[in-house]
Amino acid sequence: MDIQGNIVDIQNKRIFKGEVTFDNGKIVSIIEKNHDVENYILPGFVDAHIHIESSMLVPSEFARIAVTHGTVATVSDPHEIANVLGIEGVEFMIENGKKVPFKFNFGAPSCVPATTFESAGSVIDSEAVKKLLENPDIKYLTEMMNYPGVLFNDAEVMKKIAWAKHYNKPVDGHAPGLKGENISKYINAGISTDHECFTHEEALEKLQKGMKILIREGSAAKNFEALIDLASEHFENMMFCSDDKHPDDLIVHHINKLCARAVAKGIDVFKVLQMACVNPVKHYNLDVGLLEVGDFADFIVVEDLINFKTIQTYINGELVFDKGKSLIKPVAFKNLNNFNCSKKEILDFRFESSAKKIRVIEALDGQLVTNELIEDSLIVDGNLISNIEKNILKMTVVNRYHPDNYRDEKPAIAFIKNFGLKEGAIASSVGHDSHNIIAVGVSDEAICKAVNLLIEHKGGICAVSNPDSYREEGKILALPVAGIMSDQDGVTVGKHYAQLDAMAKQLGSRLHAPYMTLSFMALLVIPSLKLSDKGLFNGTDFKFTTVEYD
(Lines give C-alpha, C1' and ligand atoms only; values in the text may rest on other atoms or scores of the structure.)
Protein backbone atom coordinates (compact mmCIF):
# COMPACT_ATOMS: atom_id res chain seq x y z
CA MET A 1 0.00 0.00 0.00
CA ASP A 2 1.19 3.55 -0.57
CA ILE A 3 0.30 7.02 0.75
CA GLN A 4 1.21 10.32 -0.92
CA GLY A 5 1.79 13.66 0.77
CA ASN A 6 4.32 16.16 2.01
CA ILE A 7 6.67 13.88 3.94
CA VAL A 8 8.09 15.38 7.14
CA ASP A 9 11.56 13.93 7.67
CA ILE A 10 12.18 15.00 11.27
CA GLN A 11 15.59 13.41 11.64
CA ASN A 12 17.00 15.14 8.55
CA LYS A 13 14.92 18.29 9.10
CA ARG A 14 13.36 18.49 5.66
CA ILE A 15 9.93 18.31 4.02
CA PHE A 16 9.43 16.91 0.52
CA LYS A 17 6.62 15.73 -1.73
CA GLY A 18 6.68 11.97 -1.84
CA GLU A 19 5.16 8.55 -1.43
CA VAL A 20 5.37 6.11 1.48
CA THR A 21 5.00 2.43 0.58
CA PHE A 22 4.46 -0.16 3.28
CA ASP A 23 3.77 -3.87 3.51
CA ASN A 24 3.43 -6.42 6.33
CA GLY A 25 3.40 -3.63 8.91
CA LYS A 26 6.68 -2.00 7.86
CA ILE A 27 7.78 0.79 5.55
CA VAL A 28 9.24 -0.57 2.31
CA SER A 29 10.17 2.69 0.59
CA ILE A 30 9.97 6.47 0.83
CA ILE A 31 10.29 8.07 -2.60
CA GLU A 32 10.33 11.72 -3.65
CA LYS A 33 7.66 12.48 -6.25
CA ASN A 34 6.31 15.67 -7.74
CA HIS A 35 2.56 15.81 -7.30
CA ASP A 36 -0.03 18.20 -5.96
CA VAL A 37 -0.66 17.45 -2.28
CA GLU A 38 -1.78 19.55 0.63
CA ASN A 39 -1.51 17.19 3.59
CA TYR A 40 1.56 16.16 5.58
CA ILE A 41 2.83 12.72 6.57
CA LEU A 42 4.81 12.49 9.81
CA PRO A 43 5.57 9.98 12.58
CA GLY A 44 2.80 9.45 15.11
CA PHE A 45 2.71 11.28 18.43
CA VAL A 46 3.85 9.60 21.64
CA ASP A 47 2.68 10.60 25.12
CA ALA A 48 5.91 10.21 27.08
CA HIS A 49 4.28 9.73 30.49
CA ILE A 50 0.64 8.99 31.23
CA HIS A 51 -1.47 7.08 33.69
CA ILE A 52 -4.08 5.55 31.40
CA GLU A 53 -6.31 4.98 34.43
CA SER A 54 -6.74 8.73 34.90
CA SER A 55 -8.65 8.87 31.61
CA MET A 56 -11.16 6.67 33.46
CA LEU A 57 -10.98 4.36 30.44
CA VAL A 58 -9.49 0.90 30.09
CA PRO A 59 -6.54 0.86 27.64
CA SER A 60 -8.55 -0.45 24.69
CA GLU A 61 -11.03 2.43 25.02
CA PHE A 62 -8.25 4.97 25.54
CA ALA A 63 -6.70 3.83 22.27
CA ARG A 64 -9.95 4.29 20.34
CA ILE A 65 -9.94 7.99 21.31
CA ALA A 66 -6.19 8.69 21.25
CA VAL A 67 -5.72 7.67 17.60
CA THR A 68 -8.19 10.35 16.54
CA HIS A 69 -5.57 12.90 17.62
CA GLY A 70 -2.63 11.19 15.89
CA THR A 71 -1.29 9.41 19.00
CA VAL A 72 0.17 6.00 18.15
CA ALA A 73 1.88 5.11 21.43
CA THR A 74 2.13 5.92 25.11
CA VAL A 75 4.69 5.42 27.85
CA SER A 76 2.20 4.25 30.45
CA ASP A 77 2.65 4.06 34.20
CA PRO A 78 0.10 1.59 35.68
CA HIS A 79 0.81 2.96 39.16
CA GLU A 80 -2.85 3.70 39.87
CA ILE A 81 -4.31 0.26 39.26
CA ALA A 82 -1.25 -1.29 40.90
CA ASN A 83 -2.09 0.52 44.14
CA VAL A 84 -5.55 -1.04 43.97
CA LEU A 85 -4.80 -4.55 42.66
CA GLY A 86 -1.02 -5.02 42.54
CA ILE A 87 0.55 -7.12 39.78
CA GLU A 88 -2.89 -8.45 38.80
CA GLY A 89 -3.86 -4.90 37.87
CA VAL A 90 -0.69 -4.34 35.82
CA GLU A 91 -1.32 -7.57 33.94
CA PHE A 92 -4.91 -6.52 33.24
CA MET A 93 -3.67 -3.27 31.64
CA ILE A 94 -1.11 -5.08 29.47
CA GLU A 95 -3.53 -7.75 28.26
CA ASN A 96 -6.38 -5.34 27.59
CA GLY A 97 -4.01 -3.06 25.66
CA LYS A 98 -2.86 -5.96 23.48
CA LYS A 99 -6.38 -6.47 22.16
CA VAL A 100 -6.24 -3.31 20.03
CA PRO A 101 -3.83 -1.92 17.40
CA PHE A 102 -2.11 0.64 19.59
CA LYS A 103 1.35 0.72 21.17
CA PHE A 104 1.05 0.87 24.94
CA ASN A 105 4.40 0.66 26.72
CA PHE A 106 3.83 -0.13 30.37
CA GLY A 107 6.36 0.17 33.18
CA ALA A 108 6.95 -1.59 36.50
CA PRO A 109 5.44 0.58 39.26
CA SER A 110 8.18 1.69 41.65
CA CYS A 111 6.10 2.97 44.57
CA VAL A 112 3.24 0.68 45.59
CA PRO A 113 2.10 1.75 48.09
CA ALA A 114 3.27 5.32 47.54
CA THR A 115 3.85 5.74 51.29
CA THR A 116 3.21 3.88 54.53
CA PHE A 117 0.97 6.66 55.85
CA GLU A 118 -2.26 5.57 54.22
CA SER A 119 -4.05 2.39 53.21
CA ALA A 120 -3.60 1.02 49.70
CA GLY A 121 -4.90 -2.16 48.15
CA SER A 122 -1.59 -3.89 47.42
CA VAL A 123 2.20 -3.94 47.75
CA ILE A 124 4.81 -4.33 45.00
CA ASP A 125 8.21 -4.87 46.59
CA SER A 126 11.63 -5.17 44.94
CA GLU A 127 11.15 -8.87 44.18
CA ALA A 128 7.84 -8.14 42.47
CA VAL A 129 9.52 -5.31 40.54
CA LYS A 130 12.19 -7.78 39.41
CA LYS A 131 9.48 -10.17 38.20
CA LEU A 132 7.80 -7.40 36.23
CA LEU A 133 11.03 -6.11 34.69
CA GLU A 134 11.82 -9.62 33.41
CA ASN A 135 8.73 -9.31 31.21
CA PRO A 136 9.57 -7.89 27.75
CA ASP A 137 6.20 -6.10 27.82
CA ILE A 138 7.55 -3.95 30.68
CA LYS A 139 9.72 -1.19 29.21
CA TYR A 140 10.97 0.78 32.22
CA LEU A 141 10.78 1.42 35.98
CA THR A 142 8.09 4.01 36.57
CA GLU A 143 8.43 7.34 38.35
CA MET A 144 10.47 7.04 41.54
CA MET A 145 8.29 9.24 43.73
CA ASN A 146 10.13 8.17 46.85
CA TYR A 147 12.95 10.61 46.32
CA PRO A 148 13.73 10.72 50.08
CA GLY A 149 14.32 6.97 49.77
CA VAL A 150 16.84 7.65 47.00
CA LEU A 151 18.56 10.45 48.92
CA PHE A 152 18.86 8.32 52.06
CA ASN A 153 19.74 5.07 50.26
CA ASP A 154 16.67 3.13 51.34
CA ALA A 155 17.45 -0.53 50.71
CA GLU A 156 14.18 -1.42 48.95
CA VAL A 157 14.26 1.68 46.77
CA MET A 158 17.84 1.05 45.70
CA LYS A 159 17.08 -2.61 44.91
CA LYS A 160 14.29 -1.56 42.55
CA ILE A 161 16.58 0.85 40.74
CA ALA A 162 19.32 -1.80 40.61
CA TRP A 163 16.97 -4.29 38.94
CA ALA A 164 16.07 -1.70 36.28
CA LYS A 165 19.77 -1.20 35.57
CA HIS A 166 20.29 -4.97 35.47
CA TYR A 167 17.67 -5.30 32.73
CA ASN A 168 18.93 -2.17 30.98
CA LYS A 169 15.61 -0.37 31.32
CA PRO A 170 15.25 3.37 32.03
CA VAL A 171 14.16 4.73 35.41
CA ASP A 172 11.63 7.56 35.45
CA GLY A 173 11.79 10.32 38.02
CA HIS A 174 9.42 12.36 40.15
CA ALA A 175 11.18 15.12 42.07
CA PRO A 176 9.15 18.36 42.28
CA GLY A 177 11.24 21.25 43.55
CA LEU A 178 14.36 19.15 44.18
CA LYS A 179 17.55 21.13 43.50
CA GLY A 180 21.25 21.49 44.28
CA GLU A 181 23.11 18.54 45.76
CA ASN A 182 19.88 16.62 46.31
CA ILE A 183 18.91 16.56 42.64
CA SER A 184 22.48 15.65 41.70
CA LYS A 185 22.36 12.62 44.00
CA TYR A 186 18.93 11.69 42.67
CA ILE A 187 20.16 11.79 39.07
CA ASN A 188 23.37 9.94 39.90
CA ALA A 189 21.31 7.07 41.29
CA GLY A 190 20.34 6.36 37.68
CA ILE A 191 17.10 8.31 37.33
CA SER A 192 16.80 9.76 33.85
CA THR A 193 13.62 11.86 33.55
CA ASP A 194 11.35 14.22 35.43
CA HIS A 195 7.84 15.40 34.54
CA GLU A 196 7.23 17.32 37.77
CA CYS A 197 9.08 20.60 37.07
CA PHE A 198 6.86 23.61 37.65
CA THR A 199 9.39 26.44 37.16
CA HIS A 200 11.77 27.35 34.34
CA GLU A 201 14.73 27.48 36.74
CA GLU A 202 14.06 24.01 38.17
CA ALA A 203 13.80 22.42 34.74
CA LEU A 204 16.92 24.19 33.47
CA GLU A 205 19.04 22.94 36.37
CA LYS A 206 17.87 19.38 35.81
CA LEU A 207 18.55 19.63 32.07
CA GLN A 208 22.02 20.98 32.71
CA LYS A 209 22.71 18.05 35.03
CA GLY A 210 21.73 15.49 32.39
CA MET A 211 18.06 14.80 33.01
CA LYS A 212 15.44 14.59 30.31
CA ILE A 213 12.54 16.92 31.07
CA LEU A 214 8.94 16.18 30.14
CA ILE A 215 6.64 19.14 29.64
CA ARG A 216 3.45 18.11 31.36
CA GLU A 217 0.08 19.50 30.38
CA GLY A 218 -2.60 17.37 31.98
CA SER A 219 -6.12 17.96 33.21
CA ALA A 220 -4.97 19.38 36.56
CA ALA A 221 -1.20 19.99 36.44
CA LYS A 222 -0.27 22.40 33.65
CA ASN A 223 3.39 23.31 33.20
CA PHE A 224 3.54 24.08 29.47
CA GLU A 225 3.73 27.86 29.81
CA ALA A 226 6.45 27.69 32.45
CA LEU A 227 8.71 25.33 30.49
CA ILE A 228 8.12 25.66 26.75
CA ASP A 229 10.74 28.40 26.21
CA LEU A 230 13.41 25.85 27.13
CA ALA A 231 12.54 23.83 24.03
CA SER A 232 14.36 26.07 21.56
CA GLU A 233 17.74 25.15 23.05
CA HIS A 234 17.04 21.87 24.85
CA PHE A 235 14.62 20.11 22.46
CA GLU A 236 16.90 17.08 22.15
CA ASN A 237 16.35 16.33 25.83
CA MET A 238 12.67 17.22 26.21
CA MET A 239 9.35 15.47 25.56
CA PHE A 240 5.62 16.11 25.92
CA CYS A 241 3.35 14.26 28.32
CA SER A 242 -0.11 14.36 29.88
CA ASP A 243 0.55 12.53 33.15
CA ASP A 244 -3.16 12.58 33.96
CA LYS A 245 -5.71 13.17 31.21
CA HIS A 246 -9.39 13.19 32.08
CA PRO A 247 -11.87 11.82 29.52
CA ASP A 248 -13.52 15.13 28.62
CA ASP A 249 -10.10 16.52 27.62
CA LEU A 250 -9.08 13.36 25.77
CA ILE A 251 -12.03 13.42 23.41
CA VAL A 252 -10.99 16.95 22.35
CA HIS A 253 -7.19 16.80 22.01
CA HIS A 254 -3.96 15.12 23.10
CA ILE A 255 -0.27 15.65 22.21
CA ASN A 256 -1.34 17.29 18.93
CA LYS A 257 -2.58 20.28 20.91
CA LEU A 258 0.79 20.75 22.60
CA CYS A 259 2.50 20.70 19.20
CA ALA A 260 0.15 23.40 17.94
CA ARG A 261 0.75 25.54 21.01
CA ALA A 262 4.52 25.14 20.77
CA VAL A 263 4.58 26.14 17.09
CA ALA A 264 2.39 29.14 17.92
CA LYS A 265 5.04 30.15 20.48
CA GLY A 266 7.61 30.29 17.68
CA ILE A 267 9.38 27.00 18.41
CA ASP A 268 10.77 25.46 15.21
CA VAL A 269 8.42 22.75 13.95
CA PHE A 270 11.19 20.15 13.62
CA LYS A 271 12.18 20.73 17.25
CA VAL A 272 8.57 20.39 18.33
CA LEU A 273 8.10 17.15 16.41
CA GLN A 274 11.34 15.72 17.73
CA MET A 275 9.96 16.18 21.25
CA ALA A 276 6.53 14.79 20.34
CA CYS A 277 7.54 11.87 18.13
CA VAL A 278 11.24 10.97 18.23
CA ASN A 279 12.65 11.50 21.73
CA PRO A 280 10.27 9.14 23.60
CA VAL A 281 10.92 6.34 21.10
CA LYS A 282 14.68 6.63 21.46
CA HIS A 283 14.81 7.17 25.22
CA TYR A 284 12.54 4.23 26.08
CA ASN A 285 13.67 1.98 23.18
CA LEU A 286 10.13 1.63 21.90
CA ASP A 287 9.06 -0.51 18.97
CA VAL A 288 7.51 2.52 17.28
CA GLY A 289 8.35 3.64 13.76
CA LEU A 290 9.87 7.04 12.96
CA LEU A 291 9.01 7.20 9.25
CA GLU A 292 12.21 5.59 8.01
CA VAL A 293 12.57 2.67 5.59
CA GLY A 294 12.42 -0.58 7.55
CA ASP A 295 10.54 1.02 10.46
CA PHE A 296 7.13 -0.07 11.66
CA ALA A 297 4.53 1.77 9.60
CA ASP A 298 3.41 4.01 12.46
CA PHE A 299 2.60 7.40 10.99
CA ILE A 300 -0.12 10.00 10.64
CA VAL A 301 -1.53 12.27 7.98
CA VAL A 302 -2.32 15.81 9.16
CA GLU A 303 -3.88 18.83 7.45
CA ASP A 304 -1.01 21.21 8.24
CA LEU A 305 1.93 21.84 10.58
CA ILE A 306 0.10 24.58 12.45
CA ASN A 307 -2.93 22.95 14.04
CA PHE A 308 -1.91 19.30 13.43
CA LYS A 309 -5.48 18.18 12.81
CA THR A 310 -5.28 14.48 12.09
CA ILE A 311 -6.81 13.06 8.90
CA GLN A 312 -5.53 9.47 9.19
CA THR A 313 -3.58 7.38 11.69
CA TYR A 314 -1.69 4.19 10.79
CA ILE A 315 -0.21 1.72 13.28
CA ASN A 316 1.83 -1.19 11.92
CA GLY A 317 0.41 -0.26 8.54
CA GLU A 318 -3.18 -0.64 9.72
CA LEU A 319 -5.49 2.31 9.20
CA VAL A 320 -6.92 2.92 12.70
CA PHE A 321 -8.41 6.39 12.19
CA ASP A 322 -9.83 7.79 8.99
CA LYS A 323 -11.44 11.17 8.40
CA GLY A 324 -13.24 11.57 11.68
CA LYS A 325 -13.86 7.94 12.57
CA SER A 326 -11.87 5.67 14.87
CA LEU A 327 -11.62 2.23 13.26
CA ILE A 328 -10.55 0.44 16.44
CA LYS A 329 -13.32 -1.90 17.56
CA PRO A 330 -14.51 -2.17 21.18
CA VAL A 331 -13.28 -5.25 23.02
CA ALA A 332 -14.89 -7.32 25.74
CA PHE A 333 -13.17 -7.66 29.11
CA LYS A 334 -13.90 -8.90 32.61
CA ASN A 335 -14.23 -6.31 35.36
CA LEU A 336 -12.00 -6.56 38.39
CA ASN A 337 -12.16 -4.49 41.56
CA ASN A 338 -11.04 -4.21 45.18
CA PHE A 339 -13.73 -2.30 47.05
CA ASN A 340 -14.72 -3.31 50.57
CA CYS A 341 -16.33 -0.51 52.52
CA SER A 342 -19.58 -0.15 54.46
CA LYS A 343 -21.81 2.90 54.17
CA LYS A 344 -21.15 5.85 56.45
CA GLU A 345 -23.27 7.88 58.83
CA ILE A 346 -23.30 11.67 59.12
CA LEU A 347 -21.73 11.48 62.58
CA ASP A 348 -18.69 9.75 61.05
CA PHE A 349 -17.70 13.12 59.56
CA ARG A 350 -18.05 15.09 62.78
CA PHE A 351 -14.78 16.53 64.13
CA GLU A 352 -15.07 17.66 67.73
CA SER A 353 -12.79 20.54 68.59
CA SER A 354 -12.41 23.79 70.48
CA ALA A 355 -9.40 25.02 68.47
CA LYS A 356 -9.48 28.68 67.48
CA LYS A 357 -7.13 28.13 64.54
CA ILE A 358 -6.87 25.29 62.02
CA ARG A 359 -4.35 24.22 59.41
CA VAL A 360 -5.80 24.53 55.93
CA ILE A 361 -4.64 23.10 52.62
CA GLU A 362 -4.57 25.74 49.88
CA ALA A 363 -5.32 24.11 46.53
CA LEU A 364 -3.58 25.85 43.61
CA ASP A 365 -5.41 25.71 40.30
CA GLY A 366 -3.35 23.97 37.62
CA GLN A 367 -0.74 22.69 40.09
CA LEU A 368 -0.22 19.58 42.19
CA VAL A 369 1.77 21.46 44.83
CA THR A 370 -0.16 23.11 47.65
CA ASN A 371 0.31 25.75 50.33
CA GLU A 372 -0.33 25.60 54.08
CA LEU A 373 -2.53 28.27 55.64
CA ILE A 374 -3.50 28.96 59.25
CA GLU A 375 -7.11 30.13 59.42
CA ASP A 376 -9.83 30.84 61.98
CA SER A 377 -11.98 27.84 62.79
CA LEU A 378 -15.77 27.69 62.52
CA ILE A 379 -17.32 25.52 65.24
CA VAL A 380 -20.99 24.67 65.72
CA ASP A 381 -22.04 22.50 68.68
CA GLY A 382 -18.41 21.50 69.18
CA ASN A 383 -18.02 20.32 65.56
CA LEU A 384 -15.52 21.87 63.16
CA ILE A 385 -17.50 22.68 60.01
CA SER A 386 -17.03 24.21 56.56
CA ASN A 387 -16.83 28.01 56.35
CA ILE A 388 -18.49 28.77 53.01
CA GLU A 389 -18.00 32.53 53.28
CA LYS A 390 -14.23 32.12 53.61
CA ASN A 391 -14.09 29.33 50.99
CA ILE A 392 -12.77 26.84 53.56
CA LEU A 393 -14.45 23.45 53.20
CA LYS A 394 -14.31 20.17 55.07
CA MET A 395 -12.59 17.36 53.19
CA THR A 396 -12.43 13.66 53.97
CA VAL A 397 -10.73 10.44 52.89
CA VAL A 398 -12.50 7.14 53.52
CA ASN A 399 -10.61 3.85 53.42
CA ARG A 400 -12.22 1.51 50.88
CA TYR A 401 -10.03 -1.56 51.43
CA HIS A 402 -11.52 -3.11 54.58
CA PRO A 403 -12.61 -6.75 54.66
CA ASP A 404 -16.39 -7.12 54.54
CA ASN A 405 -16.59 -8.34 58.13
CA TYR A 406 -14.51 -5.49 59.58
CA ARG A 407 -16.05 -2.36 61.10
CA ASP A 408 -14.55 0.59 59.26
CA GLU A 409 -12.64 3.18 61.21
CA LYS A 410 -13.52 6.85 61.30
CA PRO A 411 -12.73 8.81 58.12
CA ALA A 412 -9.78 11.18 58.07
CA ILE A 413 -10.76 14.86 58.09
CA ALA A 414 -9.04 18.03 56.85
CA PHE A 415 -9.94 21.51 55.58
CA ILE A 416 -9.17 22.96 52.18
CA LYS A 417 -9.38 26.37 50.52
CA ASN A 418 -10.20 27.37 46.91
CA PHE A 419 -12.74 24.73 45.94
CA GLY A 420 -15.42 27.38 46.19
CA LEU A 421 -18.48 25.14 46.62
CA LYS A 422 -21.52 27.06 47.80
CA GLU A 423 -23.75 23.99 48.19
CA GLY A 424 -23.54 20.21 48.13
CA ALA A 425 -20.44 18.07 47.79
CA ILE A 426 -18.32 16.26 45.23
CA ALA A 427 -16.57 12.94 45.73
CA SER A 428 -14.30 10.55 43.86
CA SER A 429 -12.77 7.10 44.30
CA VAL A 430 -10.01 8.30 42.00
CA GLY A 431 -7.87 9.51 44.90
CA HIS A 432 -4.15 9.43 44.20
CA ASP A 433 -2.22 7.37 44.98
CA SER A 434 -4.14 4.77 46.93
CA HIS A 435 -7.56 5.52 45.42
CA ASN A 436 -9.57 5.63 48.57
CA ILE A 437 -12.73 7.74 48.55
CA ILE A 438 -12.08 11.47 48.79
CA ALA A 439 -14.79 14.11 49.15
CA VAL A 440 -15.22 17.81 49.82
CA GLY A 441 -18.43 19.63 50.70
CA VAL A 442 -20.28 22.36 52.50
CA SER A 443 -21.79 20.12 55.20
CA ASP A 444 -21.29 16.78 56.88
CA GLU A 445 -24.65 15.64 55.46
CA ALA A 446 -23.69 16.43 51.87
CA ILE A 447 -20.28 14.79 52.27
CA CYS A 448 -21.87 11.67 53.73
CA LYS A 449 -24.36 11.37 50.87
CA ALA A 450 -21.62 11.76 48.23
CA VAL A 451 -19.40 9.17 49.91
CA ASN A 452 -22.25 6.65 50.24
CA LEU A 453 -23.20 7.06 46.60
CA LEU A 454 -19.68 5.93 45.62
CA ILE A 455 -19.76 3.05 48.11
CA GLU A 456 -23.07 1.89 46.65
CA HIS A 457 -21.57 1.76 43.13
CA LYS A 458 -18.14 0.47 44.25
CA GLY A 459 -16.36 3.42 42.70
CA GLY A 460 -16.96 6.51 40.64
CA ILE A 461 -17.15 10.30 40.73
CA CYS A 462 -20.27 12.13 41.82
CA ALA A 463 -21.83 15.44 42.74
CA VAL A 464 -24.52 16.00 45.35
CA SER A 465 -26.58 19.17 45.05
CA ASN A 466 -29.04 18.65 47.92
CA PRO A 467 -30.35 15.79 50.08
CA ASP A 468 -33.39 15.09 47.90
CA SER A 469 -31.79 14.90 44.47
CA TYR A 470 -28.41 13.26 44.90
CA ARG A 471 -29.59 10.01 43.34
CA GLU A 472 -30.89 11.60 40.15
CA GLU A 473 -29.54 10.29 36.87
CA GLY A 474 -26.33 11.97 35.75
CA LYS A 475 -25.07 12.72 39.23
CA ILE A 476 -22.62 9.79 39.25
CA LEU A 477 -20.21 8.31 36.73
CA ALA A 478 -19.72 4.76 37.95
CA LEU A 479 -16.17 3.36 37.72
CA PRO A 480 -16.53 -0.37 38.36
CA VAL A 481 -13.11 -1.35 36.97
CA ALA A 482 -10.83 -1.18 40.03
CA GLY A 483 -12.97 1.71 41.24
CA ILE A 484 -11.06 4.03 38.89
CA MET A 485 -12.10 3.13 35.31
CA SER A 486 -15.38 2.82 33.45
CA ASP A 487 -16.62 -0.17 31.46
CA GLN A 488 -18.30 2.16 28.94
CA ASP A 489 -17.06 3.61 25.66
CA GLY A 490 -14.75 6.62 25.73
CA VAL A 491 -17.09 9.17 24.16
CA THR A 492 -19.88 8.32 26.60
CA VAL A 493 -17.51 8.56 29.56
CA GLY A 494 -16.07 11.83 28.33
CA LYS A 495 -19.49 13.42 27.94
CA HIS A 496 -20.71 12.12 31.31
CA TYR A 497 -17.58 13.40 33.01
CA ALA A 498 -18.05 16.81 31.37
CA GLN A 499 -21.59 16.95 32.78
CA LEU A 500 -20.33 16.23 36.29
CA ASP A 501 -17.53 18.76 35.88
CA ALA A 502 -20.13 21.35 34.87
CA MET A 503 -22.28 20.44 37.86
CA ALA A 504 -19.34 20.90 40.25
CA LYS A 505 -18.89 24.37 38.81
CA GLN A 506 -22.61 25.08 39.12
CA LEU A 507 -22.26 24.19 42.79
CA GLY A 508 -19.64 26.94 42.97
CA SER A 509 -16.25 25.34 42.29
CA ARG A 510 -13.67 27.85 41.07
CA LEU A 511 -11.18 25.27 39.84
CA HIS A 512 -10.47 24.44 36.21
CA ALA A 513 -10.57 20.69 36.94
CA PRO A 514 -12.26 20.20 40.33
CA TYR A 515 -12.34 16.38 40.28
CA MET A 516 -8.74 16.04 39.19
CA THR A 517 -7.62 18.56 41.81
CA LEU A 518 -9.66 16.76 44.46
CA SER A 519 -8.09 13.45 43.54
CA PHE A 520 -4.60 14.80 44.25
CA MET A 521 -5.30 16.41 47.62
CA ALA A 522 -4.56 13.22 49.54
CA LEU A 523 -1.35 12.67 47.55
CA LEU A 524 1.41 12.32 50.11
CA VAL A 525 4.28 12.92 47.69
CA ILE A 526 3.38 16.55 46.99
CA PRO A 527 4.42 19.66 48.92
CA SER A 528 3.41 21.56 50.97
CA LEU A 529 0.31 20.31 52.83
CA LYS A 530 -2.00 17.37 52.16
CA LEU A 531 -4.53 15.35 54.08
CA SER A 532 -2.18 12.93 55.82
CA ASP A 533 0.50 15.32 57.04
CA LYS A 534 1.42 15.30 60.70
CA GLY A 535 -1.16 16.94 62.92
CA LEU A 536 -3.65 15.44 65.34
CA PHE A 537 -3.66 11.64 65.43
CA ASN A 538 -7.23 10.44 65.05
CA GLY A 539 -6.87 6.68 65.10
CA THR A 540 -7.26 5.88 61.40
CA ASP A 541 -5.09 4.04 58.93
CA PHE A 542 -4.32 7.45 57.49
CA LYS A 543 -2.28 8.09 60.67
CA PHE A 544 -2.78 11.85 60.92
CA THR A 545 -5.26 14.53 60.06
CA THR A 546 -4.27 18.08 59.23
CA VAL A 547 -6.90 19.89 61.22
CA GLU A 548 -6.01 21.44 64.58
CA TYR A 549 -3.27 23.99 65.07
CA ASP A 550 -1.65 24.95 68.36
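**Surface patches and an open sheet in a predicted model**

Asp-154 is partly exposed, having a relative accessible area of 34%; by this scale, buried is under 20%, exposed is over 50% and partly exposed lies in between (1.4 Å probe, protein chains only). The model is predicted, and local features need pLDDT of at least 70, side-chain atom pairs count only at pLDDT 80 or more, and totals for chains, interfaces and linings use all residues. Residues are numbered from 1 along each chain as its sequence is written, and side-chain values use heavy atoms, with hydrogens and water left out.

Asp-154 sits in the loop between helix H5 (147-151) and helix H6 (155-166); helices (H or I, at least four residues) and strands (E, at least two) are DSSP runs numbered from the N terminus. Together with Asp-125, Glu-127 and Glu-156, Asp-154 makes up a negative surface patch. Patch residues have over 30% relative accessible area and no salt bridge, with like charges joined within 9 Å and nonpolar side chains (Val, Leu, Ile, Met, Phe, Trp, Tyr) within 5 Å. A salt bridge is a side-chain nitrogen of Lys or Arg within 4 Å of a carboxyl oxygen of Asp or Glu.

A nonpolar surface patch consists of Ile-251, Val-252 and Val-491, which together have about 220 Å² of accessible area. Val-491 belongs to helix H15 (residues 490-506) and is partly exposed, at 37% relative accessible area.

An open sheet of mixed pairing contains eight strands in the order E3-E2-E1-E4-E13-E14-E15-E16. Strand E3 (26-32) and strand E16 (325-326) are the edge strands, each pairing on one side only; two strands pair if DSSP finds at least two bridges between them. Strand E1 (residues 2-9) runs parallel to strand E4 (residues 40-43), paired over two bridges. Asn-6 is opposite Tyr-40 in E4.

Notes. Areas by Shrake-Rupley, 256 points an atom, 1.4 Å probe, with all protein chains shown as cover. Lys, Arg positive; Asp, Glu negative; His and termini not counted. Charge placed at Lys NZ, Arg CZ, Asp CG, Glu CD.
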